[in-house]
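Trainee: Could you walk me through this structure with a few questions and answers?
Mentor: Gladly, let us look at it together.

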Amino acid sequence: MYSSTHSEDILPSLDELRQESLPAKEAACFIQDDLLLDGNPALNLAGFANTFMEPEIEQLMTKNLPKNITHVEAYPASNAIEKRCINIIARLFNAPLETPESEAVGVSTLGSSEAIILAVLAAKRRWQYSRERNDQPYGKPNMIMSSTVHVCWKKAARYLDIEQRYTTCSQERYTLDPHEAVSLVDEDTILVCAILGSSYTGEYENVALLDQLLQEKNKEKNLSVGIHVDAASGGFVAPFICPELIWDFRLPLVNSINVSGHKYGLTYAAVGWGIWRSRGYLPSDLLFTLNYCGSVQTTCTLNFSKSAVHVLGQYYQLIRLGRYGYCEIMTSLTKIAAYLTSSIQEMSGGDKFVVMSRGQGQGLPIVAWRLRHSERYDEYDIARQLRLKGWIVPAFTLETESGELKMLRVIIRVDLGWRRCAQLVQHLQSAMESLDQRADFASG
Ligand SMILES: *Cc1c(COP(=O)(O)O)cnc(C)c1O
């Protein structure tokens, strides 16, 4: 269709419901045309969200789009699949189940943010009830986390009226310091957050040390503070490439864990999972039992209606890939990250950049780096140069106790293969050359 048709009709009313209808084809073309201005997801290395799924599951998802998973009576099979996913993920995280057949405790959510808000609420209630039982005040709850937490933690704190206590980063350490975290704990602490896979550098926080120090503090001060692990990104990475890392329910104080299906769980947005150690960690007054739409059902999510397709997408990846498939993919991504890391280290004479991420499976498959010395250009200029070639590589700042560190970050996802990563290296190299030349020229 020629795009000039109807332009005068359509343009003035973009933000208002039009009186007339449009033919289906025309409406679809109209939107498709607008979408041309979006970036190319394959070149967007800024986001963790997965951007590739196989056509077999895409077809299945399209077919099942009309199903609202909340309607248990109408869609019992979709609900059974959701339960299976919760059981599989809880077992992957080593939840202590009473018998091998026991049902795990968890929910599917729109993403980690929703799961985190629910987990924080559960921890707050548990703390409150224990304070009430002992006739102690419960008006000033606090929670402890690294200054690098995702914004959803700040939302959870503000929405639920919880004081935020932060540990700081230094110029060399970009994760939670467990000693500092535990020193901030007092009788009003509802939980300590540990991040499995910092969104800044991909590093795993030391949950095992935190658990040990917190056990000592609990004993000394007669407290029962627990840990929530924010495994939004790492929950589907660490178990496969770093099985010796103990971070999950094997640690006695880890009460709840969240993970995003749409990151390294390899589904499309939006699905996440909240898993609790056992029923006792999810207070029953957060569960609503409804007798509605024909069957009794229990819910505890913030949202009610939700398409079943994202849960189906997650289940597909779990059964399609299995442990073997996830291992293979995560190992391959880690190798690509290692290649990009060494290319960056060797670039421009080998002294230009400091790599901030950790390789060899000791962190997420992401590469974070910064300029070693201040130059006549900064990380934002490098990001802009790469943008000219179509790459979306974000520059941002990490706050430390001695000022902000500027940095660049690339997320290695399944759709960024070796070849495209090699192109990125070339383009980064030429971006650096033009920035250096331009700076030389400017300084005469
Ligand atoms: C992405 C992310 C979140 C938020 O997850 P959503 O699924 O996007 O809601 C929370 N914490 C960490 C560490 C993350 O990386």
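**Aromatic pairs and the domain interface**

Mentor: A search of the whole structure turns up 6 aromatic pairs, counting rings of Phe, Tyr and Trp (its six-membered ring) whose centres lie within 6.5 Å, with planes under 30 degrees apart called stacked, over 60 edge-to-face and the rest tilted. This is a predicted model, where local features need pLDDT of at least 70 and side-chain atom pairs count only at pLDDT 80 or more, while totals for chains, interfaces and linings use all residues. Residues are numbered from 1 along each chain as its sequence is written, and side-chain values use heavy atoms, leaving out hydrogens and water.

Trainee: Which class of pair do the rings of Phe-93 and Trp-247 form?

Mentor: A pair of aromatic rings is described by the distance of the centres and the angle of the planes. For Phe-93 and Trp-247 the centres are 5.2 Å apart and the planes stand at 70°, so the pair is edge-to-face.

Trainee: How much area do domain 1 and domain 2 bury between them?

Mentor: An automatic or database assignment sets the domain bounds, giving domain 1 (60-317) and domain 2 (326-436). Buried area is the accessible area (1.4 Å probe) that two parts lose on being put together, summed over both. Carbon and sulfur atoms carry 64% of the total, which is about 2400 Å².

Trainee: Which three residues supply 28% of the area that domain 1 buries against domain 2?

Mentor: Their share is more than that of any other three residues. They are Gln-171, Tyr-200 and Tyr-264.
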